[in-house]
Amino acid sequence: VDLTKHEYSLLYHFMDHPNIIFSREDLIYQLYPNADKSVMDRTIDQHIKKLRFKIEDDPSNPKRIVTVRGMGYKFVK
């Protein structure tokens with residue numbers, strides 16, 4: 001699978017911490033540790049969307065990177 005730098009970092013972080021829920025803010029810090037407040041949380045949503053498209057069998061019904069409503073995202077082994 002051909003991943004961008006941010007997609008790879010995100011996937012690596014998720015796989016290193018399976019079944020842990022990460023908020024958008026947690027993931028922003030993971031991907032952009034030195035960024036100021038200009039990185040929007042919807043940026044993470046776009047990274048997740050693109051990553052799901054690359055690794056999920058059915059991106060519209062993800063089984064690996066799932067949304068935990070009101071909390072964030074988690075990687076399911």
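Colleague: In what sense do E1 and E2 pair, and over how many bridges?
Modeller: In this predicted model, the two strands are E1 (65–68) and E2 (72–75). They pair in the antiparallel sense, and the number of bridges between them is four.

Colleague: Which residue in E2 is the bridge partner of threonine 67?
Modeller: The pairing of E1 and E2 is antiparallel. Within that pairing, the residue of E2 that bridges to threonine 67 is tyrosine 73.

Colleague: Which residue in the hairpin of E1 and E2 takes a positive phi?
Modeller: The hairpin has three residues between its strands. A positive phi near 80 degrees is taken there by glycine 70.

Colleague: Is arginine 69 buried or exposed?
Modeller: Arginine 69 is located in the loop between E1 and E2. From arginine 69 to isoleucine 44, 25 residues away in sequence, the C-alpha to C-alpha distance is 15 Å. The relative accessibility of arginine 69 is 82%, and the threshold for exposure is over 50%, so this residue counts as exposed.

Colleague: With which side chain does the side chain of aspartate 45 make a polar contact?
Modeller: Aspartate 45 belongs to helix H3 (residues 41–55). Its relative accessibility is 14%, so aspartate 45 counts as buried. Leaving aside neighbours within four places in sequence, aspartate 45 is in contact with Arg24 and Tyr73. The polar contact, at 2.6 Å, is with the side chain of tyrosine 73.

Colleague: Which residues have the most contacts inside the largest nonpolar core?
Modeller: In soluble globular proteins, nonpolar side chains tend to be buried together. The largest nonpolar core here has 14 residues, and H1, H2, H3 and E2 each supply at least two residues of this core. Isoleucine 48, leaving aside neighbours within four places in sequence, is in contact with Leu10, Phe14, Ile65 and Tyr73. The residues with the most contacts inside the core are Leu10, Phe14, Leu27, Ile44, Ile48, Ile65 and Tyr73.

Colleague: Why do the buried residues of H2 line one face of the helix?
Modeller: Helix H2 (residues 24–31) has Leu27, Ile28 and Leu31 as its buried residues. On the other side of H2, Glu25 and Tyr29 are exposed. What covers the buried residues includes helix H1 (5–16), H3 and strand E2. The buried residues line one face because, seen down the axis of H2, they fall within an arc of 105 degrees.

Colleague: How are the rings of phenylalanine 14 and phenylalanine 22 arranged as a pair?
Modeller: The structure holds two aromatic pairs. In the pair of phenylalanine 14 and phenylalanine 22, the ring centres are 6.1 Å apart. Both of these residues are buried. Their planes stand at 65 degrees, and an angle over 60 is required for the class, so the pair is edge-to-face.

Colleague: Is histidine 13 buried or exposed?
Modeller: Histidine 13 is a residue of helix H1. Not counting residues up to four places away in sequence, histidine 13 touches Phe22, Leu27 and Gln30. Its relative accessibility is 10%, while burial requires a value under 20%, so histidine 13 counts as buried.

Colleague: Which value is phi of asparagine 19 near?
Modeller: Most residues other than glycine have a negative phi. Asparagine 19 lies in the loop between H1 and H2, and at 44% relative accessibility it counts as partly exposed. Its phi is positive, in a residue other than glycine, and is near 65 degrees.

Colleague: What distance separates the C-alpha atoms of arginine 64 and isoleucine 28?
Modeller: Arginine 64 is found in the loop between H3 and E1, and its relative accessibility of 39% makes it partly exposed. Not counting residues up to four places away in sequence, arginine 64 touches Ile55, Glu56, Lys74, Phe75, Val76 and Lys77. Isoleucine 28 is one of the buried residues of H2. Along the chain, arginine 64 and isoleucine 28 are 36 residues apart, and their C-alpha atoms are separated by 20 Å.

Terms used:
Residues numbered from 1 in each chain as written. Predicted model: local features only at pLDDT ≥ 70, side-chain atom pairs only at ≥ 80, totals over all residues. Heavy atoms only, no water. Buried < 20%, exposed > 50% of the residue type's maximum accessible area, 1.4 Å probe, protein only. Polar contact = N/O pair within 3.5 Å; in protein donor to acceptor, adjacent residues only side chain to side chain. Contact = heavy atoms within 4.5 Å. Phe/Tyr/Trp six-rings, centres within 6.5 Å; stacked < 30°, edge-to-face > 60°. Arc of directions from axis to C-beta. Pairing = 2+ DSSP bridges. Core = buried A, V, L, I, M, F, W, Y, C linked by side-chain atoms within 4.5 Å.
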